[in-house]
Amino acid sequence: MSKPTQTKRGQRYLGDEGNMIVHDLERARGSCEIDEILDESRGVRFDPDILEQASLEKFRPCNRCISSY
Ligand SMILES: [Zn+2]
C-alpha cells in the first residue's frame, strides 16, 4: 500500500501522484524534481518499499532514474 510522505528519508522509492510515476531515490537526478514532488504534497511512499509494489499500484517507473523494469 502507499501513503503520503513529506520526506525522502528512510525510503528507496517515491511515487508522484500527480503523474503516477515512481522514482528511485538512490539514483534520482535533478530532472526528477523530487523536491517539487515533496513540496507540492504529491509524494507517496510504498509498503513494502519495492518497485513491484509501486507497479501494483499503477505507478510507472521514471525513465531517468529507473532504467529498466
Ligand atoms: Zn526519476
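**From strand order to core**

From the N terminus, the elements run β-β-β-α-β-α-β. That makes 2 helices and 5 strands. Both are DSSP runs numbered from the N terminus: helices are H or I with at least four residues, strands are E with at least two. The radius of gyration, taken over C-alpha atoms, is 10 Å, close to the 11 Å of the globule rule for 69 residues, so the chain is as compact as a globular protein of that length. The rule is 2.2 Å times the number of residues to the power 0.38. Along its principal axes, the C-alpha trace spans about 25 × 25 × 20 Å.

This is a predicted model: local features need pLDDT of at least 70, side-chain atom pairs count only at pLDDT 80 or more, and totals for chains, interfaces and linings use all residues. Residues are numbered from 1 along each chain as its sequence is written.

Now the sheet. The 5 strands form an open sheet in the order β1-β4-β2-β3-β5, with mixed pairing. Two strands pair if DSSP finds at least two bridges between them. β1 (2-4) and β5 are the edge strands, each pairing on one side only. β3 and β5 run parallel and are joined by 2 bridges. Here Val 22 stands opposite Pro 61 in β5.

Next, the interior. Buried residues make up 26% of the 69 residues in the chain. A residue is buried if 20 or more other C-beta atoms lie within 10 Å of its own, exposed if 12 or fewer, and partly exposed in between, with C-beta atoms placed from the backbone. The largest nonpolar core has 12 residues, among them Tyr 13, Leu 14, Ile 21, Val 22, Phe 46 and Phe 59. β2 (13-16) and β3 (21-24) each supply at least two residues of this core. Such a core is a set of buried Ala, Val, Leu, Ile, Met, Phe, Trp, Tyr and Cys residues joined through C-beta atoms within 7 Å.

Phe 59 is a core member. Leaving aside residues up to four places away in sequence, Phe 59 touches Gly 15, Met 20, Ile 21, Val 22 and Ala 54. Contact means C-beta atoms, placed from the backbone, within 7 Å. Of the chain's contacts with a separation of 6 or more, 68% join residues 24 or more positions apart.

Asn 63 lies in the segment after β5 (60-61). Asn 63 counts as exposed because it has 10 C-beta neighbours inside 10 Å. The C-alpha atoms of Asn 63 and Ile 21 are separated by 9.2 Å, with the two residues 42 apart along the chain.

Conventions: Two residues are in contact if their C-beta atoms, placed from the backbone, lie within 7 Å.
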